[in-house]
Amino acid sequence: MAVLAHSAGESGRARRPNIARERSPFVVALHDAGITALIAFGVLLPLIGFQTVQNINEVLVLRTRWPLLFSLVAIIGASRFVYAVSVAPWLARRAARPVAAAPPGWRSLVGRWFVPFAIGFVIAYPAIVLFSAGFRGALKWVDNFGIQILIYVMLGWGLNIVVGLAGLLDLGYVAFYAVGAYSYALLATHFGFAFWILLPLAGILASFWGILLGFPVLRLRGDYLAIVTLAFGEIIRIVLVNWVSLTNGYAGIGGIPRPSFFGIPFTADDNGFAAVFGLQFSPIYRTIFLYYVILALALLTCFVTVRLRRLPVGRAWEALREDEIACRSLGINTTNTKLTAFAMGAMFAGFAGSFFAARQGFISPESFTFLESATILSIVVLGGMGSQIGVAIAAVVMIGGTEIMRQLDFLKDIFGSTFDPTQYRMLLFGFAMVAIMIWRPRGLVATRSPSVFLTERKTIAADLVKEGHG
Amino acid sequence: MAEAIDTLLRVEHLTMRFGGLVAVDDLSFEVRQGHIAALIGPNGAGKTTVFNCITGFYKPSEGRLGLRHGKPAVWDALDALTDSGARRRIHPNGTLFLLERMPDYLVARQARVARTFQNIRLFPGMTVLENLLVAQHNRLMFASGYTLLGVLGFPSYTRAERSAIDKARDWLNRIGLLARADDPAGDLPYGAQRRLEIARAMCTDPVLLCLDEPAAGLNPHESAELNELLLAIRDEFAISVLLIEHDMTVVMEISDHVVVLDYGVKIADGAPDAVRNDDKVIAAYLGIAGEDVQSVEAEVGL
Ligand SMILES: Nc1ncnc2c1ncn2[C@@H]1O[C@H](COP(=O)(O)OP(=O)(O)O)[C@@H](O)[C@H]1O
Ligand SMILES: [Mg+2]
């Protein structure tokens with residue numbers, strides 16, 4: 001009997017692959033798509049299928065949205081079908097092929113020209129926009145896209161020092177951004193100091209707070225560090241909300257002086273920028289000026305970071321990320337090294353914060369929520385920890401992407417006039433992140449470029465580079 | 001007394017307790033200038049714990065760990081230093097350190113005790129060359145004006161970095177890894193990683209080099225190369241080496257002095273030949289009681 005059962009099991013196991021081979025890939029894909037659609041239906045039913053709205057009597061009523069639900073489920077099922085039929089076999093074939101040794105020529109060409117081209121493009125960007133969109137249209141493109149993205153590029157690069165180089169998971173980075181913004185706002189409104197004086201001051205104050213936080217916190221590692229920095233971010237925000245006499249609480253601080261062009265204000269009157277230079281008044285001049293200020297600040301951040309990476313501090317940061325105990329055995333004071341990383345990252349956040357306050361003219365605690373920290377951190381993680389180019393690309397995609405989502409009014413024609421694309425920003429955001437994490441688990445640019453070389457600079461594969469452990 | 005004169009490291013009554021477990025029990029020994037001393041013993045004897053105490057990674061429960069730089073005469077100040085509560089005492093002709101009072105990174109930076117680890121701890125995602133530059137961190141940090149001058153690109157830093165690279169190149173040449181200088185350390189074969197870890201420790205300019213099982217996992221050829229490297233370190237640089245080793249042949253070939261630990265207690269201390277024939281050592285290694293050694297030896301034909 002035992003022998004019989006055994007042989008039956010054997011043959012059963014032997015036959016199974018045959019069955020799979022007999023089923024056509026089409027049927028398999030259909031099966032796959034059906035299951036995916038079913039799961040999507042289950043997940044989306046409560047999320048999208050039902051909506052609660054207040055009716056005229058201010059009573060919550062449940063409304064159903066079957067067409068939207070079913071179209072989404074259909075889209076997901078269809079995508080899975082297309083994936084299973086076309087992409088999956090291609091991926092399997094690609095995985096089966098041996099990895100090509102040398103990268104194709106175009107890739108190294110792109111690598112060589114990408115940075116100069118990108119810098120040239122961002123310098124010429126306002127002119128390009130002015131040319132193609134005109135004075136009125138350009139405002140949106142320079143402000144919402146250009147300046148907004150560059151702020152996040154800068155914040156990403158700043159956080160990259162802490163997370164990407166030193167390997168310290170900081171979930172409260174926005175606190176230093178807030179310190180910078182409030183430093184500028186308070187000192188400028190109360191004492192009337194100029195932007196260019198307060199900019200470095202805000203950076204110094206933020207890095208001071210970074211050190212202050214760092215002292216007790218940096219002996220913690222991994223999850224503990226993450227939780228405490230998260231709490232610190234919240235504490236700063238809650239203090240800003242509650243210290244009404246200083247910060248004006250939720251109402252925020254308004255009327256923050258705007259930066260001037262080396263003493264010439266961007267106003268419509270006779271000694272304003274436009275009048276002095278014989279131009280017709282337009283808000284675009286200030287915006288373009290701000291654009292170049294943040295561009296210079298971002299490039300400064302990048303320059304300093306690249307420079308620091310090649311100095312002993314930068315190498316010690318990376319060594320710390322790789323192995324803290326080995327660092328100590330080599331005589332490196334790891335506490336000080338972590339503190340410098342923290343202070344350096346905080347300083348750039350302070351710069352960005354004071355710029356933000358100067359650009360907005362109004363700040364409130366709303367701008368410094370945890371979501372902000374999470375956005376900056378995901379820019380760093382998606383970009384590839386430690387990579388300057390990767391972080392910049394991730395910021396452009398993530399922040400540019402959300403801005404574009406605000407502009408997609410044509411979707412209203414498809415999904416009806418009540419459909420608000422901005423509400424789905426976060427959903428798409430999440431999808432994009434999941435997709436990138438599947439496609440490139442270590443971020444867009446995961447390889448590490450050595451800080452020094454003897455004969456040849458060889459990039460280091462991602463799987464060797466440690467991510468740090470707090 | 002002549003023996004004590006050129007003592008570099010003096011371990012006295014070192015005891016390390018982990019809760020109820022006494023990992024090292026009242027251990028005393030000395031490492032002499034320019035010697036290779038070996039610390040041997042069965043697994044779990046407490047050898048790594050001794051290293052961790054010497055290098056400041058553990059704070060000993062009891063005991064005194066003295067280390068001198070400069071003239072042997074500085075030892076005279078040992079008791080005065082102990083009473084003073086300070087970490088070190090600087091004399092015109094040398095400095096005396098009490099290692100048990102120093103945090104790990106200062107043991108490496110000021111007392112200049114370098115170490116390797118039983119499970120190799122390189123910086124795997126950094127290149128071989130970068131590993132050796134991180135080891136010269138403190139000197140480079142000073143040359144870069146604690147980063148300020150370095151960011152501004154001062155030539156003094158460029159010069160210091162060049163000499164640091166030259167030093168790294170020397171060591172890579174010595175350990176046969178020059179051709180792999182720009183490869184990530186994590187890509188090296190095991191034996192090369194061991195050698196790189198030793199070179200990295202040497203780049204900190206130590207007076208005492210502590211190696212935790214450097215020959216573990218090496219094949220006989222690599223093991224012979226390692227012996228040569230260690231002898232070269234001792235003879236050319238006049239650096240003392242304290243070595244943990246399992247492989248008795250390595251120990252017997254190169255060490256000048258052997259200390260044997262068993263369950264945290266020192267059971268023998270002396271020249272390799274004397275230790276090799278010590279009944280207690282044989283018993284500890286064979287895992288039998290001391291009285292039975294003769295009969296077991298007869299059985300296995302020693
Ligand atoms: N950090 C620690 N905490 C608790 N026990 C430890 C610790 N480090 C070592 N030990 C214990 O001390 C004893 C000696 O260990 P170790 O020094 O690693 O031995 P060896 O290196 O000679 O093999 C072992 O029983 C080990 O479990
Ligand atoms: Mg051990």
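1. Start with ligand 1, which has these residues around it: Phe18(B), Leu21(B), Ala23(B), Asn43(B), Gly44(B), Ala45(B), Gly46(B), Lys47(B), Thr48(B), Thr49(B) and Tyr58(B). A residue makes this list if one of its heavy atoms lies within 4 Å of the molecule.

2. A quick word on what you're looking at: this is a predicted model, where local features need pLDDT of at least 70, side-chain atom pairs count only at pLDDT 80 or more, and totals for chains, interfaces and linings use all residues. Residues are numbered from 1 along each chain as its sequence is written, chains are lettered from A and ligands numbered from 1 in the order in which they are written, and side-chain values use heavy atoms, with hydrogens and water left out.

3. Which atoms of Thr48(B) and Tyr58(B) pair up with ligand 1? For Thr48(B), an N or O atom in the side chain sits 2.6 Å from an oxygen atom of the ligand. Tyr58(B) brings a polar side-chain atom to 3.0 Å from a nitrogen atom of ligand 1. Gly44(B) uses its backbone instead: a polar atom there is 2.8 Å from a ligand oxygen.

4. Now over to chain A, and helix α14 (residues 370-383) with helix α15 (residues 388-407): their axes are 7 Å apart, at an angle of about 125°. Axes here are lines fitted to C-alpha atoms, for helices over the stretch in contact, and angles run from 0 to 180 degrees between N-to-C directions. Helices are DSSP runs (H or I, at least four residues), numbered from the N terminus. α14(A) and α15(A) are therefore oblique to each other; angles under 35 degrees count as roughly parallel, over 145 as roughly antiparallel, 65 to 115 as roughly perpendicular and the rest as oblique.

5. Who touches whom? On the α14(A) side you'll find Thr375(A) and Ser378(A) among the residues that meet α15(A), whose own partners include Gly390(A) and Met398(A). Contact means heavy atoms within 4.5 Å. This contact splits into 8 nonpolar, 4 polar and no charged residues. For the classes, Ala, Val, Leu, Ile, Met, Phe, Trp, Tyr, Cys and Pro count as nonpolar, Asp, Glu, Lys and Arg as charged, and the others, Gly among them, as polar.

6. α14(A) also packs on helix α17 (residues 425-439) of chain A, at about 30° with axes 11 Å apart. That makes the pair roughly parallel. Thr375(A) and Ser378(A) turn up here too, among the α14(A) residues in contact, with Phe429(A) one of those on α17(A).

7. Last, helix α5 (residues 174-191) and helix α6 (residues 195-217) of chain A: their axes come within 8 Å and cross at roughly 140°. α5(A) and α6(A) are therefore oblique. Their contact includes Tyr184(A) from α5(A) and Trp209(A) from α6(A), and by class has 13 nonpolar, 3 polar and no charged residues.

How values were computed
Helix = DSSP H or I, 4+ residues; strand = E, 2+ residues; numbered from the N terminus. Polar contact = N/O pair within 3.5 Å; in protein donor to acceptor, adjacent residues only side chain to side chain.
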